[in-house]
Each structure stands twice: as structure tokens, then as C-alpha cells.
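Please keep the sequence and the structure in view while reading.

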Amino acid sequence: MRKPETIEPDPWHFPRPELAEGYLRAFELKLSSARGLFARRRMGKTEFLRRDLLPAAAADGYLIAYTNLWDNRSAPDVALVAALTDALEPQGVKAVLTKLGQPLKKVRASAKLPGGAEGALEAELAQQAVDKSEALREVLKQLDRQKKPLLLVIDEAQVLARAEHGDFSHALRAALDIRKGSIKVIFAGSSETTLREMFARASEPFYNWAPLEAFPLLGDEFVAFTIKLMNSMARQVLTLKQGKRAFDELHRTPEFFKRFVERYMLYQPQGEEAALAHTKASVFSDEHFLKQWTEMNPADQAVITMLARGESDLHAKEGMAKLSVMLGKPATRNTAGHALRRLQSENAVTRLALGDYRIEDEAFAEWIRRRTAPKH
Ligand SMILES: Nc1ncnc2c1ncn2[C@@H]1O[C@H](COP(=O)(O)OP(=O)(O)OP(=O)(O)O)[C@@H](O)[C@H]1O
Ligand SMILES: [Mg+2]
């Protein structure tokens with residue numbers, strides 16, 4: 001059963017109020033009713049959506065709903081309906097339950113349980129027999145009775161693109177289509193390829209539904225903010241220049257930079273160089289990379305290694321020759337093609353353009369490069 005989510009305040013959060021305002025203004029001006037945002041992993045999408053955008057929307061008079069479909073990838077329909085339910089008053093939740101055929105007695109009893117009526121609805125939804133699309137329509141009908149507009153944030157939205165969720169996605173699109181005035185939607189995700197397919201393929205439920213754009217990344221202002229806060233607590237201060245260098249060396253990834261700052265704070269006598277070296281070693285050598293790696297077949301390993309080294313001429317003669325050497329047997333065009341398809345479906349690799357591929361997780365790319373770098 002899900003507890004209503006509250007987020008603890010975090011002094012290390014670098015607020016981005018202008019960015020949040022920008023999205024809300026665009027909705028207000030009716031320039032769009034949906035937006036799609038993508039950025040690579042660990043770049044701060046979720047943190048922005050939850051700590052900046054949703055609170056700003058609530059302050060602006062929106063009802064808000066958030067769901068992360070990656071955490072619920074086997075049942076995104078349940079997760080979505082549950083998130084929308086959080087925006088309802090208890091009365092509305094009960095009305096939905098009644099519609100879905102849940103006996104009222106059971107509802108009353110469950111209202112005393114932790115999680116209350118929402119919990120009862122989520123438990124009910126998870127049952128096989130419940131038609132998720134119908135549940136969605138009922139929840140939206142209740143939302144229609146509210147005076148306020150709703151901001152729905154769907155994080156890791158690419159899960160909806162999977163074929164097995166097609167029926168529900170179609171129902172969702174149809175339901176949102178007729179509510180463009182009252183429900184604004186943000187789709188976010190780290191897999192640019194899949195998000196693109198979701199919005200650009202005529203056969204997909206969300207075809208042409210939201211413009212897809214790059215999520216603006218954190219930069220020097222974030223570094224300055226973090227270094228300043230750190231210096232207010234540290235005995236040995238760091239200069240902004242040192243901070244920027246560390247940020248660059250960590251591929252401008254906010255999560256890794258925060259780990260560097262933490263390491264520096266805890267081991268100040270060892271200094272900045274040591275903290276950076278430690279952070280790099282730990283973030284670029286995670287155990288799960290080894291697991292991810294060993295689960296790949298040799299062709300996938302060879303192809304992803306070439307991509308990590310910036311060699312994307314996979315189908316060209318030289319590329320195939322290199323692949324053959326790595327595999328110890330002749331590679332064909334199909335070898336690379338099949339491997340690329342598998343790597344994309346596992347979200348390990350994304351296709352930017354024809355013949356132009358990139359590893360989704362820069363830390364994994366770095367790990368692969370380090371793994372295969374000649375030892376001195
Ligand atoms: N605005 C911010 N201020 C301070 N730290 C941040 C900020 N944004 C991100 N971070 C740091 O980076 C980490 C990763 O951010 P977040 O989880 O939002 O990334 P993401 O883009 O959603 O990644 P994923 O694609 O893996 O879900 C956070 O846990 C936090 O430590
Ligand atoms: Mg995220």
C-alpha cells in the first residue's frame with residue numbers, strides 16, 4: 001500500500017524556479033498542453049520535476065499528480081491511475097471504487113486502514129479482473145468535477161511505448177485528448193530513442209502529441225551554488241575553479257559531483273585531488289556495470305565497446321574488421337545490426353540519427369573504456 005508521498009526538504013537542492021515558471025507559462029499561454037523532456041541518466045530530471053515543477057504548479061493552483069513508470073514498469077496502468085487518484089478528494093476516490101464494483105462496506109472498513117481509500121483503490125486496481133482503462137475514465141470523470149486544472153507528470157514515460165501497454169496507452173491518449181484545457185502533461189525520460197518513437201511514429205498512441213525537447217542541463221550555476229554551501233561548512237574551502245574542474249571531469253553529471261563534494265567534506269585533509277580520484281574510481285567502476293556487462297553476449301559487448309571508444313563506423317569495412325577481431329570470427333552487417341537492436345531495446349544505447357549511436361549512461365561508457373584501456 002502506498003503512503004501519500006512527501007518530500008523532505010534538502011538544503012543541497014539547487015532550485016530552478018525560472019525553469020519551472022517557463023513550463024507553467026507555456027501551459028498558461030496554451031502554447032501546448034503537453035511536453036516531452038529527455039536527458040541522459042542522473043542529470044536531474046526527476047529532482048527538477050518533483051522539487052521545482054510540481055511545487056510551483058501547486059502554488060499556482062494546479063492539482064498535481066506524479067508517477068515514475070520505471071518503478072512500476074510491469075503495471076504502468078495501475079501506477080498512473082493511482083497517481084491521478086492522489087489528486088482526488090476522499091469522496092471522489094470512494095465514488096470511483098463504487099463504480100468499479102467494490103462493495104461499499106469494504107471501502108468503509110478500508111478507510112480506517114493506513115492508506116485509507118486511496119490504498120483500497122490501489123489494491124483494487126491491482127486485481128486482474130479490473131479494467132484499467134475503465135478505472136482511468138472513472139478517475140478522470142471525478143477530476144473533471146474539480147475546479148482546478150491538473151498537472152500530470154509521467155516520469156520514465158517510455159515504458160508506455162511498450163507494445164504490451166498499447167491498449168492502455170490508447171485509452172490514456174483518448175482521455176487526455178478531450179481534456180487538453182484542464183489537464184497538462186509532462187512526459188520525461190532518459191531514453192531519447194524510445195521517447196522519440198512514442199511521439200514520432202504514426203502507429204503509436206501518442207503520435208504527434210507532445211513536442212520533444214532536451215531538458216536543460218545543470219551547469220556552472222549549480223556548481224557555484226553547491227561549492228558555496230560546502231564552503232560554509234568546510235574547513236578547507238574549494239575555489240569555484242576547482243569545483244568546475246571536478247564537475248567537468250565527472251562528465252558534468254550532478255549526481256557524481258554531489259558524491260565528490262561529500263567525499264571531499266568527509267576526508268578534507270586528503271584534499272581535492274584525492275576526493276576526485278576516489279569519486280571517479282567509485283562511480284565509474286560500479287558493481288552493477290560488471291553485472292550488466294556479463295549479461296551481454298559477446299557481439300553486444302564488442303559493439304558497445306566500439307561505441308564507448310567513439311568508433312561508430314560499425315557497418316563500414318573497417319568497423320566490421322574491428323568487430324571480427326574482437327569476436328575472433330568474421331562479423332557481418334547483421335552482427336552489428338542485431339547487437340544494436342538488442343542494446344537499444346535494453347535502453348543501453350540510443351540512436352541519435354541514422355548510423356549515429358550513443359551509450360545512454362555516460363558512467364557505463366567510461367567504465368567500458370577503463371576496462372579495455374591498455375594497462376601501464
Ligand atoms: N537541482 C539539483 N540540485 C542538487 N542536486 C541535484 C539537482 N538535480 C539533480 N541533483 C543530483 O543528481 C542526482 C540525480 O538526479 P535525478 O535523479 O533527478 O536524475 P534523473 O535525470 O532523473 O536520472 P534518471 O534518468 O537516472 O532517473 C540527484 O540524486 C541529486 O543528487
Ligand atoms: Mg529520474
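How many residues line the largest pocket, and which of them lie nearest its centre? In this predicted model, the lining of the largest pocket is made up of 39 residues, and R41, R42, K45, E156 and S190 are those that lie nearest the centre.

**The largest pocket**

- The volume of the largest pocket is about 920 Å³, and its lining, sorted by class, consists of 16 charged, twelve nonpolar and eleven polar residues.
- Three helices, namely α2 (45-59), α12 (254-266) and α14 (287-294), each contribute at least two residues to the lining of the largest pocket.
- Among the contributing elements, α2 gives the most to this lining, with five residues.

**The second largest pocket**

- The second largest pocket holds about 580 Å³ of space, and of the 24 residues that line it, T193, T194, E197, Q344 and S345 are the closest to its centre.
- Two or more residues of the lining of the second largest pocket come from each of α9 (192-200), α17 (333-345) and β6 (349-353).
- In terms of residue class, the lining of the second largest pocket divides into nine polar, eight charged and seven nonpolar residues.
- Domain 1 (17-214) and domain 3 (287-372) each supply at least three residues to the lining of the second largest pocket.

**Surroundings of ligand 1**

- There are 18 residues around ligand 1, and those that come nearest are F14, K45, T46, E47 and K258; K45 is also one of the residues that lie nearest the centre of the largest pocket.
- On the backbone side, a polar backbone atom of G44 is 3.0 Å from an oxygen atom of ligand 1, while a backbone N or O atom of E255 lies 3.3 Å from an oxygen atom of the ligand.
- E156 takes part through its side chain, with a polar side-chain atom 3.3 Å from an oxygen atom of ligand 1, and E156 is likewise listed among the residues nearest the centre of the largest pocket.
- Ligand 1 taken alone exposes 630 Å², of which the protein buries 85%.

**Domains and the cavity**

- The domain assignment divides the protein into domain 1 (17-214), domain 2 (220-283) and domain 3 (287-372), and the C-alpha centres of domain 1 and domain 2 lie 36 Å apart.
- The structure holds one cavity of 30 Å³ or more, and the volume of the largest cavity is about 50 Å³.
- The lining of the largest cavity is formed by R40, R41, R42, M43, T253, F256, E360, D361, E362 and A363, which by class are six charged, three nonpolar and one polar.
- Why can the largest cavity be placed between domain 1 (17-214) and domain 3 (287-372)? The largest cavity lies between them because both of these domains give residues to its lining.
- R41 and R42 belong to the lining of the largest cavity and are also among the residues that lie nearest the centre of the largest pocket.

Definitions and conventions:
Residues are numbered from 1 along each chain as its sequence is written. Chains are lettered from A and ligands numbered from 1 in the order in which they are written. This is a predicted model: local features need pLDDT of at least 70, side-chain atom pairs count only at pLDDT 80 or more; totals for chains, interfaces and linings use all residues. Side-chain values use heavy atoms; hydrogens and water are left out. On a 1 Å grid over the protein atoms alone, a cavity is a set of points where a 1.4 Å probe fits but cannot get out, and a pocket is an open set with protein on both sides within 12 Å along at least five of seven lines; lining residues have an atom within 4 Å of a point. Grid points are joined across faces, edges and corners, and a volume is the space filled by probe spheres set on the points. Helices (H or I, at least four residues) and strands (E, at least two) are DSSP runs, numbered from the N terminus. Ala, Val, Leu, Ile, Met, Phe, Trp, Tyr, Cys and Pro count as nonpolar, Asp, Glu, Lys and Arg as charged, and the others, Gly among them, as polar. Domain bounds come from an automatic or database domain assignment. A residue is near a molecule or strand if one of its heavy atoms lies within 4 Å of it. A polar contact is a pair of N or O atoms within 3.5 Å; within protein, one must be able to donate a hydrogen and the other to accept it, and residues adjacent in sequence count only if both atoms are side-chain atoms. Accessible areas come from the Shrake-Rupley method with a 1.4 Å probe; for residues, only the protein chains shown count as cover.
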